[in-house]
Number of protein chains: 2
Amino acid sequence: MTLAEEVLQGNRLALARVLTQVENETERGHQALNELFRRTGGAHLIGVTGPPGTGKSSLVNQLAYYYRNKLVGKPKRVGIVAVDPSSPFTGGAILGDRVRMRDLAGDNGVFIRSMASRGSLGGLAVATSGVVQVMDAAGFEIIFIETVGAGQAEVEIAHLAHTTLVVEAPGMGDDIQAIKAGILEIADILVVNKADRPGVETTARALRNMLQLAHPVPHVFSGIDSPGYSHHMVELSDHDEPVSTSGPTGEAPTIWIPPIQRTIATKGTGVVDLIEEIERHYKYLKETSELGQREQARLKSELDILLRERLVKRWRERVTETRYGQAVEKLLRREISPWQAVDYLID
Amino acid sequence: MTLAEEVLQGNRLALARVLTQVENETERGHQALNELFRRTGGAHLIGVTGPPGTGKSSLVNQLAYYYRNKLVGKPKRVGIVAVDPSSPFTGGAILGDRVRMRDLAGDNGVFIRSMASRGSLGGLAVATSGVVQVMDAAGFEIIFIETVGAGQAEVEIAHLAHTTLVVEAPGMGDDIQAIKAGILEIADILVVNKADRPGVETTARALRNMLQLAHPVPHVFSGIDSPGYSHHMVELSDHDEPVSTSGPTGEAPTIWIPPIQRTIATKGTGVVDLIEEIERHYKYLKETSELGQREQARLKSELDILLRERLVKRWRERVTETRYGQAVEKLLRREISPWQAVDYLID
């Protein structure tokens, strides 16, 4: 039996081994991914990002705990991938696997993996994508991809997800720069965590205002003629109610405007409501063409990153050390510019 | 006269034009860079990074103003490159050139350029590097490279600088995650801005503690036998004094431990002290082998990014749309994995 087959049979040790192979980009890791890839596509991938200090890890822990223990129906199997792209020097993820396990210890339906930087951003995105694919094939139905921070790296990793949560907290939103337009644009659901702290109103209001700028009230509703759907007016209310248009009997909306959900992760407050929003977004993705489009964009972007890495690797194998060394020497003496050095080395 | 020659003669309009060409990566831009590159190497490149909301822009404005107007000796020519890597969707830099100009308006010795994301991180690093090289060749002696945020993108851009300032502010440092180990490791000077706000002691203490972890007191001093230098004990004091070892008569230190400098940028408080620290660091770089090493690492990393971009461009020209389309189709149907698609397209 191959390692991949053992993963498919639910062997956790085999899973951990494959993940390590995938993270280290070994030949065996690629082989396992080739075998497992056709079994992917079943999981709901949920990205969680936002500035440091907003309590993302606690929130993800709580969400996982509720998916396992507190909801009606069959508990779902939950994977958590915690990525720290801004720690390129330490080489170790800030959030240790053990620390994360406290609430979820001993539950075989949960698998947690922390990942630190792989040197290059492309490398990290590829490794994260591989880890997510293995968990997906292994039958985890909900997979959280949690990133520390809110920069370009986080945006790229958010592209791996179907549903992206952007987490803020009171006291960070006073400054307009703290809530970045770029980050807002990747948000499917906005979460104001630590909602028992002073300043929660200010933060929620700031988010609502920026949301209004990013998603102006549409005047024409797509799908207005399709039977079975009637629409409420899109309204960014003063309460943090879901603001998407939705059918009167709880159908998935035909246009998605990110709702703002308040939570207190440490107490579990708002977590069930948040899960309802997540499920509503997944339903929306499935009932519109969005899910297919996101899958397509996701796989194409992964292919492009892999192509890039392979091209560089192949070129490195062909150019001699001497020739490369000569180019660097001339560059350092400022005899040639970086562009001229590239001409010399490639063309 | 070529555009590059006009830049060397101090023509500001020509400078602005070349920068636009370089930013857009045109053939003319590359040509100008090839001409100008041999004239680079004169500027002191100062990176300024840190979390949003710490007042980096005000601080850079003040530093520029002091370099121009408040210091003893000949005023230095100052370039400012403001980079926003985390705004991939809007396509416009958050900090407009005009807003930045308020304090520095009408001063021909200052040139300010804002840059937004170029789609890829490598592209942004290359474009920023090109812009800095043009300013360097144009005779700007101090060039600030300011980035919004504190993620991997900022770390990569910090690699372009000789001296890197990491800016924090009170009230953001309570959470251990707010001060990232990775960011601390790129800091040559730590700045606690907004030092009139409550919590400044807590922030300074947190930085000092993390600094102590990152730079443990060395037991062996390099260069202890070299004449002309005697060393104080390295001590991370309770005050925010410079903690590097330095000679008794103000020589540059032979080992650099990042000092912590408090500032109130809006009032100009601490700005002269900060400039003294910056100058002390530059002196240190020049008197040790560090400057050469940083230059070498900087140019090599730029060459690698350029090589990468060129390889992808060349491959794109050779692969047919049909073949690429077929691979993507099979990938989307999950008949082949991303790794198998790469094999199909490259090998």
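**Note on the predicted two-chain model**

1. B:Ile46 stands opposite B:Thr163 in β5(B). The two strands here are β1 (residues 44–49) and β5 (residues 163–168) of chain B, joined by four bridges and running parallel. Strands count as paired if DSSP finds at least two bridges between them. Helices (H or I, at least four residues) and strands (E, at least two) are DSSP runs, numbered from the N terminus.

2. A word on the source. This is a predicted model, in which local features need pLDDT of at least 70, side-chain atom pairs count only at pLDDT 80 or more, and totals for chains, interfaces and linings use all residues. Residues are numbered from 1 along each chain as its sequence is written, while chains are lettered from A and ligands numbered from 1 in the order in which they are written.

3. What is the strand order of the open sheet in chain B? It is β3-β2-β4-β1-β5-β6-β7, seven strands with parallel pairing. At the edges lie β3 (110–116) and β7 (260–262) of chain B, each pairing on one side only. Strands of a sheet pair through backbone hydrogen bonds, either parallel or antiparallel.

4. Now chain A. It has 13 helices and seven strands. Of its 347 residues, 47% count as buried. Buried means that 20 or more other C-beta atoms lie within 10 Å of the residue's own; 12 or fewer means exposed, and in between is partly exposed, with C-beta atoms placed from the backbone.

5. Look at strand β6 (residues 189–192) of chain A. Both faces are covered: A:Ile189 and A:Val191 are buried on one side, A:Leu190 and A:Val192 on the other. β6(A) pairs with β5 (residues 163–168) of chain A in the parallel sense, over four bridges. There, A:Ile189 is the bridge partner of A:Leu165. Three bridges join β6(A) to β7 (residues 260–262) of chain A, also parallel. A:Leu190 stands opposite A:Ile260.

6. Which helices of the two chains pack at an angle of about 105°? They are α11 (residues 290–318) of chain A and α11 (residues 290–318) of chain B, with axes 9 Å apart. Axes are lines fitted to C-alpha atoms, for helices over the stretch in contact, and angles run from 0 to 180 degrees between N-to-C directions. The angle therefore makes α11(A) roughly perpendicular to α11(B), a label for 65 to 115 degrees.

Conventions:
Angles under 35 degrees count as roughly parallel, over 145 as roughly antiparallel, 65 to 115 as roughly perpendicular and the rest as oblique.
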